[in-house]
2 protein chains.
Amino acid sequence: MSVIYDRVALVGLGLIAGSMSLAMRENGLAGEVVGYARSADTRRIAQEIGLVDRVADDLAEAVAGADLVVLAVPVGAMGAIAAQIAPHLKPGAVVTDVGSVKQAVVEAVAPHIPQDVHFIPGHPLAGTEHSGPRSGFATLFVNRWWLLTPDEGADPEQVARLTRLIRGMGASVEIMDAARHDLVLAVTSHTPHLIAYTMVGVADHLKRVTQSEVVKYSAAGFRDFTRIAASDPVMWRDVFLQNKEAVLDILGRFAEELFVLQRAIRMEDGEHLQEYFTRTRAIRRGIIEAGQDTAAPDFGRSSAAEKPLAPPEE
Amino acid sequence: MSVIYDRVALVGLGLIAGSMSLAMRENGLAGEVVGYARSADTRRIAQEIGLVDRVADDLAEAVAGADLVVLAVPVGAMGAIAAQIAPHLKPGAVVTDVGSVKQAVVEAVAPHIPQDVHFIPGHPLAGTEHSGPRSGFATLFVNRWWLLTPDEGADPEQVARLTRLIRGMGASVEIMDAARHDLVLAVTSHTPHLIAYTMVGVADHLKRVTQSEVVKYSAAGFRDFTRIAASDPVMWRDVFLQNKEAVLDILGRFAEELFVLQRAIRMEDGEHLQEYFTRTRAIRRGIIEAGQDTAAPDFGRSSAAEKPLAPPEE
């Protein structure tokens with residue numbers, strides 16, 4: 001693949017930025033990848049493990065001369081970063097971000113972007129429960145969606161160029177309206193995360209009752225929640241604060257729905273329960289057909305993670 | 001491994017019974033495995049794929065002469081089955097079950113069990129979102145817990161014998177009080193399932209708003225919920241009806257907790273959110289340390305399920 005941007009600056013060196021660096025370098029998509037993180041510790045680790053071609057010691061140095069600047073910090077920090085880098089951006093450069101919320105980022109970042117710089121907000125739907133400079137890997141974006149929410153005045157050529165970079169890392173690009181993005185993600189990601197956090201919190205309170213039993217017998221469903229609830233706390237704090245309206249809307253519907261099911265249990269309305277559970281099963285089928293998950297039982301975890309049967313005892 | 005029961009009868013031929021048959025046969029734990037299912041279709045499929053050594057056409061025939069009878073039907077059906085098989089049980093035989101609820105099963109089954117037959121209730125903490133006679137596999141129980149809840153008068157020798165069979169299939173056995181079992185499972189399994197069903201139901205209602213977008217962009221958290229919510233509807237209907245009190249108790253705590261987080265979002269109390277999310281992360285660590293899940297990012301799904309990077313375009 002040929003180089004798409006001569007110099008890429010990554011602001012923030014966590015899971016997403018680290019994976020981008022590895023994917024761009026593995027596929028020869030960038031001439032040079034420069035990285036900056038606020039924490040000196042993160043910068044040192046990035047240096048040690050060679051996460052980027054060059055670690056910059058301040059923001060101005062990081063973005064100077066960059067053809068693409070990627071804001072990969074918690075959503076709540078984007079506005080301040082944009083204000084700081086604005087005077088140092090190269091004319092004609094592209095600024096994008098990888099935040100999980102789009103309207104709030106646009107409102108915080110766009111006013112700072114100079115006239116001669118292109119701002120194309122983005123959101124890769126990829127991640128794991130791990131975070132930090134050691135958590136990235138080159139194939140994180142393969143077969144994943146990467147949503148871009150450029151405004152109407154965006155330069156189509158620059159959107160196409162950024163799209164080529166993203167495709168080069170293995171992802172598929174979709175253009176979307178920022179408000180719609182925030183609603184869809186409130187359903188598919190933000191609210192599920194909040195619910196998982198809540199369920200794990202309930203179990204935590206019960207720890208004294210059930211001691212280690214909650215952990216010990218977690219395989220029966222709970223452990224899937226704990227994986228989601230192990231995601232980066234600061235990133236998620238910002239997501240909920242910045243996509244507040246959509247999340248509160250979906251949470252309201254969720255609570256309503258939960259009370260209806262709770263009532264069905266209390267009234268022993270088995271028909272209602274069975275009918276409901278049958279309907280939800282069909283959605284799973286849709287997701288597998290859409291190629292967004294594996295049909296392997298239990299994510300293929302049962303066969304991969306286990307040791308083989310114990311040898312005969314006698 | 002040597003034969004532990006000369007004849008094992010499986011009543012019900014779904015995921016758990018099918019996996020037991022395959023595991024017992026692969027490890028030479030049973031002289032003969034006889035299977036019965038109420039549905040003629042299931043019996044025909046079991047016959048065709050050789051799931052058991054012999055398919056019986058009625059309940060009496062299935063359990064006749066069996067040294068171990070396994071009730072592997074939805075929890076709500078256990079009592080009626082117990083009543084039907086009781087006159088045909090061999091003196092000295094062991095009856096066990098694999099239901100996800102224990103107190104209700106004991107109440108429904110125990111009164112029918114003859115004096116000269118041993119009833120040892122059980123629950124393997126293993127499963128996938130698949131069901132039916134084709135869904136079983138021999139390694140389902142490997143490294144999983146299998147809880148037994150015998151009453152105080154149970155014959156220790158018979159409990160030890162059943163334990164040997166279970167260990168031979170790769171699982172670890174723990175003895176537990178039935179009431180405690182139901183509370184712990186309400187936390188680790190039943191309530192998480194109900195919540196996942198609810199969230200998927202909310203998304204289903206929103207389908208007209210977001211069309212296929214919910215499915216398309218499910219990778220961001222939601223798909224983990226859909227896997228849980230794809231589990232067998234009849235089995236789960238019965239679980240909620242039969243473990244009603246414990247589930248309603250945990251659901252009440254969950255709703256309380258959710259409202260506190262919802263309020264923190266509304267009041268923009270970022271400190272509370274971040275602190276909460278940091279605490280839940282620690283529980284995940286506990287589960288990985290307890291060997292109940294893989295530490296691989298995203299269950300190792302990212303690397304296993306995806307195709308490699310696309311070849312260069314130019």
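Visitor: Which residue stands opposite Trp146(A) in β9(A)?
Guide: The model here is a predicted one. Strand β8, residues 145–148 of chain A, pairs with β9(A) in the parallel sense over four bridges. Within β9(A), the residue opposite Trp146(A) is Val173(A).

Visitor: Which strands are the edge strands of the sheet in chain A?
Guide: The sheet is open, with three strands in the order β7-β8-β9 and mixed pairing. An edge strand pairs on one side only. The edge strands of chain A are therefore β7 (122–124) and β9 (172–175).

Visitor: What does the twist average from one strand to the next?
Guide: The strands in question are ordered β7-β8-β9 in chain A. From one strand to the next, the twist averages 20°.

Visitor: How many Å separate the centres of domain 1 and domain 2 of chain A?
Guide: Chain A is divided into domain 1, covering 5–176, and domain 2, covering 180–294. Taken over C-alpha atoms, their centres are separated by 30 Å.

Visitor: How do the residues on the side of domain 1 of chain A that touches domain 2 of chain A divide by class?
Guide: In chain A, 14 residues of domain 1 are in contact with 16 residues of domain 2. On the domain 1 side, the residues divide into six nonpolar, six polar and two charged.

Visitor: Is α12(A) roughly parallel or roughly antiparallel to α12(B)?
Guide: In both chains, helix α12 spans residues 244–266. The two axes come within 11 Å and cross at roughly 165°. Angles over 145 degrees count as roughly antiparallel. The angle therefore makes α12(A), relative to α12(B), roughly antiparallel.

Visitor: How many nonpolar residues does the contact of α12(A) with α12(B) have?
Guide: The crossing of these helices is left-handed. Residues making the contact include Leu248(A), Leu251(A) and Leu258(A) of α12(A), and Leu248(B), Leu251(B) and Leu258(B) of α12(B). By class, there are two polar and four charged residues, and the number of nonpolar ones is 12.

Visitor: How many charged residues are in the contact of α11(A) with α13(B)?
Guide: Among the residues making this contact are Trp236(A), Arg237(A) and Phe240(A) of α11(A), together with Phe277(B) and Arg281(B) of α13(B). The contact divides into seven nonpolar residues, three polar ones and, as charged residues, two.

How values were computed. Residues numbered from 1 in each chain as written. Chains lettered and ligands numbered in written order. Predicted model: local features only at pLDDT ≥ 70, side-chain atom pairs only at ≥ 80, totals over all residues. Axes fitted to C-alpha atoms, helices over the stretch in contact; angles between N-to-C directions. Helix = DSSP H or I, 4+ residues; strand = E, 2+ residues; numbered from the N terminus. Parallel < 35°, antiparallel > 145°, perpendicular 65-115°, else oblique. Left-handed = near helix turned anticlockwise from the far one by under 90°. Contact = placed C-beta atoms within 7 Å. Nonpolar A, V, L, I, M, F, W, Y, C, P; charged D, E, K, R; others polar. Domains from an automatic or database assignment. Pairing = 2+ DSSP bridges.
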